Amino acid sequence: LRDFFDPAYAARAAIDAAAAQECGADPYCIGVYSDNELSWGPGLRQTLPFIDAYMKLPAGAPGKRALQAFLETRYAGDLAAFNAAWKTSLASWDAIQPLAALSADFRLDSAQARADRSAFRGHVAERYFRVAHDALRAAAPDVLILGARFIAYGQGAATIAAAGPFVAVLSVNAYEW
C-alpha cells in the first residue's frame, strides 16, 4: 500500500515526474503515463479495500488521518450515524486511530459502509491523480498525461471519475477475452 497522503509520496512524485522533461523536449513524444496498472480494489497486488488497507497504517500516519477526516466529513461529524452504519461504538472520531479495522469482514458490511468504501477509494484516487498531475505539469507542462493505465476490472466508477480532471487520456488494459 502506498500512502498517497504522506508528504513523502508527493516528494517522490516530483522526482519521478522529472523524467517527463525528456518527453517534453522530444517532438515525437506526445505524453507520459503517471503509473501502470495501479491496483484500485481488492485484487492480486492490493488484497484489501482502501479503507481496510489504510486502517492497518499506524496511528497518526498521514493516510490514516486522511481516512478519519474523510469519514468525519462524510458523516458531517455525526458519530452516531457512523457507528450505526459501521456497527461500531466509537466514543470519538480519534478512536479510529488505534484501530486496525472498522469491520471484521468487509463482505458483511451495510450498504452505507460499502458506499463509504467506494467513496474513499475515489478520494484516494483523487489524491493520487492530483499529485501526479501537479508533479508532471511542473516538470513538463506541455505533455499529455496519459493516466495510470487502468486494468479493465475492479476500478470502480469513483476511481474513474477521480482521474478525469487530471488526465488527458484514460487508457485501459483489458485482459479479459
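This report walks through the predicted model shown above, from its overall build down to single residues.

## The big picture

Let's start with the whole chain. The protein chain has 7 helices and 4 strands. Going along the sequence, they come in the order α-α-β-α-α-α-α-β-β-α-β. The C-alpha trace spans about 60 × 40 × 25 Å along its principal axes.

How much of the chain is tucked away? Of its 177 residues, 45% count as buried. The accessible surface comes to about 9,200 Å², and 59% of that belongs to carbon and sulfur atoms. Now look at contacts between residues with a separation of 6 or more: 67% of these involve residues 24 or more positions apart.

Helix 1 covers residues 7-17, and its buried residues are Tyr9, Ala13 and Ala17. They cover an arc of only 70 degrees around the axis, which puts them on the same side of helix 1. There's a handy rule behind this kind of pattern: an α-helix has 3.6 residues a turn, so residues three or four places apart point the same way.

What covers those buried residues? Helix 2 (20-25) and helix 6 are included in the cover. Over on the other side of helix 1, Pro7 and Ile15 are exposed.

How many salt bridges does the structure hold? The count is 7. One of them joins arginine 2 and aspartate 35, whose closest N and O atoms are 2.6 Å apart. Arginine 2 sits in the segment before helix 1, while aspartate 35 sits in the loop between strand 1 (31-32) and helix 3 (50-55), so this pair ties together parts that are 33 residues apart in sequence. Arginine 2 counts as partly exposed, at 38% relative accessibility.

Another salt bridge links aspartate 52 with arginine 117, and here the closest N and O atoms are 2.1 Å apart. Aspartate 52 belongs to helix 3 and arginine 117 to helix 6, so the pair ties together parts that are 65 residues apart in sequence. Are these two residues buried or exposed? Both aspartate 52 and arginine 117 are buried.

## One disulfide

The model has 1 disulfide. Its partners are cysteine 23 and cysteine 29, with their sulfur atoms 1.9 Å apart. The link is left-handed, with -95 degrees about the S-S bond.

Cysteine 23 is buried, with a relative accessible area of 7%, because buried means under 20%. Cysteine 29 has 26% relative accessibility and counts as partly exposed.

## Loops worth a look

Which residues other than glycine have a positive phi? Alanine 76 is one of them, with a phi of about 50 degrees. You'll find alanine 76 in the loop between helix 4 (62-74) and helix 5, and it is exposed, with a relative accessible area of 70%. Lysine 87 is another case, with phi near 55 degrees. Lysine 87 sits in the loop between helix 5 and helix 6 and is exposed, at a relative accessible area of 61%.

Alanine 101 also has its place in the loop between helix 5 (79-86) and helix 6 (111-139). Alanine 101 is partly exposed, with a relative accessible area of 36%. Follow the chain and alanine 101 is 47 residues from tyrosine 54, yet in space the two are 8.9 Å apart, C-alpha to C-alpha.

## A nonpolar patch on the surface

Which residues form a nonpolar patch on the surface? They are Ile30, Leu144 and Val169, and together they have about 240 Å² of accessible area. Leucine 144 lies in strand 2 (residues 144-145) and is partly exposed, with a relative accessible area of 36%.

Notes. Residues are numbered from 1 along each chain as its sequence is written. This is a predicted model: local features need pLDDT of at least 70, side-chain atom pairs count only at pLDDT 80 or more; totals for chains, interfaces and linings use all residues. Side-chain values use heavy atoms; hydrogens and water are left out. Patches are made of residues with over 30% relative accessible area and no salt bridge: like charges are joined within 9 Å, nonpolar side chains (Val, Leu, Ile, Met, Phe, Trp, Tyr) within 5 Å. Accessible areas come from the Shrake-Rupley method with a 1.4 Å probe; for residues, only the protein chains shown count as cover. A salt bridge is a side-chain nitrogen of Lys or Arg within 4 Å of a carboxyl oxygen of Asp or Glu. Helices (H or I, at least four residues) and strands (E, at least two) are DSSP runs, numbered from the N terminus. Buried means under 20% relative accessible area, exposed over 50%, partly exposed in between (1.4 Å probe, protein chains only). A disulfide is a pair of cysteine sulfur atoms within 2.5 Å. The arc is that of the directions from the helix axis to the C-beta atoms. Contact means heavy atoms within 4.5 Å.
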